[in-house]
Amino acid sequence: MSVADLQYLLGMIGTVAFAVTGVLAVSPRGVDFFGACVLGLITAIGGGTIRDVILGVPVFWAADLNYIWVALGASFLAFLMNRHMTRKEIFKTMLYLDALGVSMFAIQAAQKVIWVEFGMPLAPILLGVLTAIGGGLLRDVLAGQPTLLMRREIYAIPVTLGCILFVALVTWLPQHAVLIGVGCSALIMSLRSAVIHWDLHVPLWLTIQSKENAVHSKQDSDSPPAH
């Protein structure tokens, strides 16, 4: 498999994953089929569109409409599937699919930035993170729910670590770019899955809080668990 093939595969998997999360995010609100598919499409292509505008290159889905058709197809299937899921199942599924999407899009974007030699060496990391979380941010804002980035749950950190490792290794070992890309995608997915499974959060001392909120948070953490 060539680097170009890997990049295309990562993009398609990420497109499917993010399109499904877009539909699941609004399913509890009873949105109609058209609205669900529009949100699924925006979630799937939003981050990559922002990336390509910044890079000043043709937007990826305009050059290959398969991204649009795949996103719409995944949105349609998610619209049918969510009828058989509880709200808890929908939320958990959305989190894991979001983890899959960010792991694919982060490495795909970083590789694309390296190809065009834009803002080396920091831009591949920054745009990798932006592409990975951009669609999810648009999804959560349009769905009217708190974004994953604004919660204490560890979200952007695994993506950033994966992008840094990818750029460093590809710079040193460009002949192994495919293997490195697969490995770094798996690393991001594994870290995010661990965060979701064990409900890991950023420590309170690393969060921005007012004095009043800090006191309330400490009281909550010191209080005994309810039985």
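**Salt bridges and aromatic pairs**

Asp52 and Lys112 form a salt bridge, with the closest N and O atoms 3.0 Å apart. The pair links distant parts of the chain. Asp52 lies in helix α2 (residues 33-55) and Lys112 in helix α5 (residues 87-116), 60 residues apart. Here a salt bridge is a side-chain nitrogen of Lys or Arg within 4 Å of a carboxyl oxygen of Asp or Glu. Helices (H or I, at least four residues) and strands (E, at least two) are DSSP runs, numbered from the N terminus.

The model is predicted: local features need pLDDT of at least 70, side-chain atom pairs count only at pLDDT 80 or more, and totals for chains, interfaces and linings use all residues. Residues are numbered from 1 along each chain as its sequence is written, and side-chain values use heavy atoms, with hydrogens and water left out.

Asp52 is buried, at a relative accessible area of 0%. Lys112 is also buried, at 16% relative accessibility. Buried means under 20% relative accessible area, exposed over 50%, and partly exposed in between (1.4 Å probe, protein chains only). A network of salt bridges links Arg51, Asp52 and Lys112.

In total, the structure holds 5 salt bridges. One of them joins the side chains of Asp98 and Arg139, at 3.0 Å from N to O. Asp98 lies in helix α5 and Arg139 in helix α6 (residues 122-143), so this pair ties together parts 41 residues apart in sequence. Asp98 and Arg139 are both buried.

A salt bridge also forms between Arg192 and Glu153, whose closest N and O atoms are 3.0 Å apart. Arg192 belongs to helix α8 (residues 177-198), while Glu153 sits in the loop between α6 and α7 (156-172), so the pair ties together parts 39 residues apart in sequence. Arg192 is buried at 0% relative accessibility. Glu153 is buried at 12%.

The structure also holds 5 aromatic pairs. In the pair of Phe33 and Phe79, the ring centres are 5.3 Å apart and the planes stand at 75°, so the pair is edge-to-face. Rings of Phe, Tyr and Trp (its six-membered ring) pair if their centres lie within 6.5 Å; planes under 30 degrees apart count as stacked, over 60 as edge-to-face and the rest as tilted. Phe33 lies in helix α2 and Phe79 in helix α4 (residues 66-81), so the pair ties together parts 46 residues apart in sequence. Phe33 is partly exposed, at 38% relative accessibility. Phe79 is buried, at 15%.

Phe60 and Tyr67 form an edge-to-face aromatic pair, 4.9 Å centre to centre with 85° between the planes. Both residues, Phe60 and Tyr67, are buried. Together with Tyr8, Phe60 and Tyr67 form one aromatic cluster.
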